[in-house]
Amino acid sequence: MSALTVYVEGVGLWSPQLADFAALRGALQGQAPDPPPARPAATLLPAGERRRAPESVLLAVEVAGQAVAMSGHEPASLPCVFASSHGDQPIMDYMCAVLASAPSELSPTRFHNSVHNAPAGYWTIATDCHAPSNAVCAQRASFGAGLLEAVSLALADARPVLLVCSDTAGSGPLAEVTASAAPFGCALVLSPQPGASTLGRLVLHLCPGSIADAPVPSPVPAEWIASSPSAVALPLLALLAQGAGRCRLMAAGSLGMDVHLEERA
């Protein structure tokens with residue numbers, strides 16, 4: 001297959017250690033980042049929605065808003081792909097516990113927020129976005145699968161696309177299965193053509209077969225990438241912070257991607 005080429009126009013990032021993409025840049029330069037607030041701000045949501053929204057929604061909306069603001073695009077104009085390995089784990093743990101003990105007491109609001117495309121729904125409503133949206137899940141390969149989906153859409157439709165990938169920390173028995181110890185979210189705005197806000201050019205080569213997670217460049221602690229399935233994006237985010245390089249990502253259980261980042265000319 002021919003290489004797939006897109007341009008990165010915006011980056012969003014949030015974790016318990018990093019408030020945004022600038023904090024990652026600082027960490028890679030040896031600076032100790034200031035920890036962000038306990039909950040993502042998600043200021044694009046109306047105040048009432050922010051109070052009621054679960055962490056999974058706040059996390060996805062926060063990083064999406066960061067990436068779109070950096071890109072200069074109007075959020076209403078962007079098709080979007082939302083990826084997550086496990087969705088909202090605390091809500092799923094709650095639902096399993098209630099269904100096992102008192103099914104009639106299940107909260108309709110919590111059930112509404114449990115669906116995998118809930119963050120996409122909140123985002124598109126808050127931004128009045130009528131462009132196509134999609135929700136992707138591929139376990140620990142979810143970021144790579146979402147990236148492949150978003151790149152394919154950007155090239156097929158010849159328009160910029162927003163990619164968001166996020167996971168919350170595990171809760172209850174699910175935490176033992178998912179090994180997701182902390183929330184992590186990231187977002188990219190990808191365009192088929194370079195523009196004024198282009199950070200670099202991504203060239204993707206598909207590689208059949210399973211590959212190991214790519215290492216995180218020093219001085220980013222290796223435990224950050226192990227803390228969340230969405231944090232497998234950190235090697236690519238680190239390349240974007242450094243300006244160039246190469247990493248490998250999984251897009252499915254038996255499909256990898258060789259990703260080259262080239263500096264903007």
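This is a predicted model: local features need pLDDT of at least 70, side-chain atom pairs count only at pLDDT 80 or more; totals for chains, interfaces and linings use all residues.
Which residues of β4 are buried on one side and which on the other?

**View 1. Strand β4 is covered on both faces.** On one side V161, L163, C165 and D167 are buried; on the other, L162, V164 and S166 are buried. Strand β4 spans residues 161-167, and seven of its seven residues are buried, leaving the strand mostly covered.

**View 2. Strand β4 pairs with β2 and with β5.** Strand β2, residues 80-83, runs parallel to β4 and is joined to it by four bridges.

**View 3. The largest cavity has a volume of about 140 Å³.** Of its 17 lining residues, S84, G87, H116, P119 and S166 are the closest to the centre. The elements that each give two or more residues to this lining are α3 (55-71), β2, α5 (108-114), α6 (118-127) and β4. Helix α3 provides the largest share, three residues. Sorted by class, the lining comprises seven nonpolar, eight polar and two charged residues. The structure holds two cavities of 30 Å³ or more.

**View 4. Helix α10 is largely enclosed by the rest of the structure.** The helix covers residues 234-242, and it is largely enclosed because eight of its nine residues are buried. The buried residues are L234, P235, L236, L237, A238, L239, L240 and A241. An α-helix has 3.6 residues a turn, so residues three or four places apart point the same way. Just after α10 comes G243, which takes a positive phi of about 105 degrees.

**View 5. R110 lies over the face of Y94.** The distance from R110 to the ring centre of Y94 is 4.2 Å. Aromatic pairs are absent: the structure holds zero of them. A pair of aromatic rings is described by the distance of the centres and the angle of the planes.

Note on methods
Residues are numbered from 1 along each chain as its sequence is written. Side-chain values use heavy atoms; hydrogens and water are left out. Rings of Phe, Tyr and Trp (its six-membered ring) pair if their centres lie within 6.5 Å; planes under 30 degrees apart count as stacked, over 60 as edge-to-face and the rest as tilted. A charge sits over a ring if NZ of Lys or CZ of Arg is within 6 Å of the ring centre and within 35 degrees of the ring normal. Buried means under 20% relative accessible area, exposed over 50%, partly exposed in between (1.4 Å probe, protein chains only). Two strands pair if DSSP finds at least two bridges between them. On a 1 Å grid over the protein atoms alone, a cavity is a set of points where a 1.4 Å probe fits but cannot get out, and a pocket is an open set with protein on both sides within 12 Å along at least five of seven lines; lining residues have an atom within 4 Å of a point. Grid points are joined across faces, edges and corners, and a volume is the space filled by probe spheres set on the points. Ala, Val, Leu, Ile, Met, Phe, Trp, Tyr, Cys and Pro count as nonpolar, Asp, Glu, Lys and Arg as charged, and the others, Gly among them, as polar.
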